[in-house]
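User: I would like to learn how to read helix packing and sheets in a model. Please take one feature at a time.

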Amino acid sequence: MTDQTTLEQEIAVEQRHLDRVYARLAELRRAAVRAERDGYRLARVGNLGALVERDAMVFHAAQRRHVLDAEHEGLVFGRLDLRDGQVLHIGRLGIRDENAASLVVDWRAPAAAAFYRATPAQPLGVVRRRTIQSSGERVVRIEDDLLDPAAAPPDLAVVGDGALLATLSRATGRGMRDIVATIQREQDEAIRSPGSGVTIVSGGPGTGKTAVALHRAAYLLYTDRSRYAGGGILVVGPSSVFVEYIASVLPSLGEETATLHSLGTLFPGMSATRTDPPEVAAVKGSLRMRRVLERAARDAVPDGPTELRLLYRGALLRLDRKELDGIRERALPRGARRNEVRRAGFDGVFAALWAQARRLDIARLPEQRAFEDEIADRPEFREFLKAWWPRLHPRHVLGWLARPERLRRYAGGVLSGAEIRLLTEAYRSLDTEGLTVADIALLDELDALLGKPVQPRRPRRDPFQLAGGVRELSTHADRQRAAREAARERPADYREYAHVVVDEAQDVSPMQWRMIGRRGRLASWTVVGDPAQTAWTGDPAELTRARDQALGRRRRHHFTLTTNYRNSAEIFAVAAAEIRRLDPDLPLPTAVRSTGVEPVELTVPAGELETTTVAAVTGLLAEVEGTVGVITPVSRRDEVAGWLGGLGAPRLQVVTSLEAKGMEYDGVVLVAPGEIRADAGVRTLYVALSRATQRLTTIEPTA
């Protein structure tokens, strides 16, 4: 195994244990099936006692089989290495081997408590805590926390952030041990802050903000499980790449307790990964867009009918554009939600037609109710109503902004002429290129303005009802389990979370804060970020106002992380020099780990950029054991990915400078840093330069 990396070796160790667990699980399931089958045979005895014994035996065997089947996926998700030499694997249910030795400790058992409660300040006898992610029956990822470096044996393998702490703690000199204690103390205090209110964690690159936020979520789930698992935890990150990256960090605890979303997927049924240029994102993210959207939400439907003509008993009933607009405006007073007052609009049309019919003195005119029934029965009238006041989805109304004349009308007096031109150009490609991440918050705002169409209440389906009205035979336990599952079901647009985690909060726009805030009205919050990394170029006062409105008047607990333990000092010096362009006096974290390897800075003719990039990436894949990230300007991402497609390395990822936020790689190749600075700004380049833990290569093309 000498040609394997440490990560691959450790995954192989966990895979061998997982193979034993699933083999034992298969044996236990076969035993449960046999017991269930044997239970039914007892009925052949024919007496009442045998029937009672059959029911009990079948019930317990079927229940055991159901548990074994239900917990198959992700069965083992953690491991504890203790000071006394014991190794405990933590999972969704307890499993013992044929000799009664523990293979998996149930997460609810007292022995598993340290998996959630142990911290660097109070390790509770735990030297190393390992999170294990599986796909099916295969281990795909592991991540370690080294909680007690002083007790770690010299040959203890540690991967992930824990490996960096292990390196620091084993370094020569008292100073490094003090630094490790500082890192652990800062993070532990934030993780264990009060569950209520808002915990705000700030810190520069490499200080462990994301790890703190997710470990805090796990800590809250353990300390008050009924509250946080019942209400749910929402974790919001800046991009889908970032969300995939953190998906395995938060332990599952045996059920769906946390929901992960990027800012581009928070509105149900919609997903966006495309980003706007900073100046366009600043306009879309401004609170002034709410006024623009309010006007759109109240406007007449594009290409909708502008006149109603009906022949009734020989008389022509006619409503022109002005009358129809007046009916719509009266039915839609300020604050009303269009989809919810649709009936009022229809009633206005009926009333206007009735008043006109009376003025025309139509012979044998029936009572108003009978008149309305006659009109409502006419297909052409029903088609008019559906076209004049349709049920509107936010995507429909957002599409109206792609019409320049409408956008100018909605934004006039709200946005400047230059801002209107920016939006006009941006929305020109809406139908062909789709939504951007900033548009998702606008959809959510429109959803709040439009409301939900009134729908008849549907009765909850009986899960035991079969075809033909026959009800499936079920036990009391079956019905209880079905009731619990129904209670846990959450709508796609769930908005009653008990806790909300916002990562990379410095990049959340005012409109995005409004979107997140709607899902956190009942929640406590954990907000982590670094103001120095912000890509927001809009009004800072507006941003503060929107954030404060989302967080409410809850008590706030502030924590600052000051130690960059992820970047080497050599790499962070390059990133620090970049951000100092904006603010020479900006307080930055201290990078304490030195590798003696300076970043490589290459300048090549534009025609040699492809070959130089491929060579640099190939070299890094050979030099580092872990992941390699290639960070590009937004416009070059697909081009660069095409250059590297032939390498086929699972450790390799190509991301844009915006997608790189929150990510980390062992080695980074940064393509065209000058373009990133020009297009996305110095702060974004600062982020890109601080993603590497071991090796950094920048490649600047020249004309």
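User: Which residues in H10 meet H19?

Analyst: This is a predicted model, and the contacts are read from its atoms. On the H10 side they are Met-289, Arg-290, Leu-293, Glu-294 and Ala-297. They meet Leu-442, Glu-445, Leu-446, Leu-449 and Leu-450 in H19. Sorted by class, the residues of this contact are 7 nonpolar, no polar and 3 charged.

User: At roughly what angle do the axes of H10 and H19 cross?

Analyst: The axes of H10 (residues 288-298) and H19 (residues 437-450) cross at roughly 50° and come within 10 Å. That angle is why H10 is called oblique to H19. The crossing of the two helices is right-handed.

User: How does H10 cross H16, and which residues make the contact?

Analyst: Helix H16 covers residues 404-411, and its axis comes within 8 Å of the axis of H10, with a crossing of roughly 120°. H10 and H16 are therefore oblique to each other. H10 passes H16 in a right-handed crossing. From H10, the contact uses Val-292, Arg-295 and Ala-296; from H16, it uses Arg-409, Tyr-410 and Ala-411. By class, 4 of these residues are nonpolar, none is polar and 2 are charged.

User: What is the angle between H23 and H27?

Analyst: H23 (residues 569-579) and H27 pack at about 175°, and their axes are 9 Å apart. Angles over 145 degrees count as roughly antiparallel, so H23 is roughly antiparallel to H27. In H23 the contact residues are Ile-571, Phe-572, Val-574, Ala-575, Ala-576, Glu-578 and Ile-579. In H27 they are Val-682, Arg-683, Leu-685, Tyr-686 and Leu-689. The classes here are 10 nonpolar, no polar and 2 charged.

User: Now the sheets. What holds strands together in a sheet?

Analyst: Strands of a sheet pair through backbone hydrogen bonds, and the pairing is either parallel or antiparallel.

User: How many bridges join S18 to S20?

Analyst: S18 (residues 628-632) and S20 (residues 665-671) run parallel and are joined by 4 bridges. As one case, the bridge partner of Val-630 is Val-669 in S20.

User: How many bridges does S5 have with S6, and what lies in the turn?

Analyst: S5 (residues 126-135) and S6 pair in the antiparallel sense over 8 bridges. One of the bridges sets Ser-135 against Arg-138 in S6. The two strands form a hairpin with 2 residues between them. In the turn, Gly-136 has a positive phi of about 65°.

User: Where is the pLDDT below 50?

Analyst: Start with the general rule: where pLDDT is low, the predicted coordinates should not be read in detail. For this protein the mean pLDDT is 85, and 83% of the residues reach 70 or more. Residues 171-177 have pLDDT below 50, and this stretch has 4 contacts in the model beyond near neighbours in sequence. Residues 251-256 also have pLDDT below 50, with 20 contacts counted in that way.

How values were computed. Residues are numbered from 1 along each chain as its sequence is written. This is a predicted model: local features need pLDDT of at least 70, side-chain atom pairs count only at pLDDT 80 or more; totals for chains, interfaces and linings use all residues. Side-chain values use heavy atoms; hydrogens and water are left out. pLDDT is the predictor's confidence in each residue, from 0 to 100. Contact means heavy atoms within 4.5 Å. Axes are lines fitted to C-alpha atoms, for helices over the stretch in contact, and angles run from 0 to 180 degrees between N-to-C directions. Angles under 35 degrees count as roughly parallel, over 145 as roughly antiparallel, 65 to 115 as roughly perpendicular and the rest as oblique. A crossing is left-handed if the near helix is turned anticlockwise from the far one by less than a right angle, and right-handed if clockwise. Ala, Val, Leu, Ile, Met, Phe, Trp, Tyr, Cys and Pro count as nonpolar, Asp, Glu, Lys and Arg as charged, and the others, Gly among them, as polar. Two strands pair if DSSP finds at least two bridges between them.
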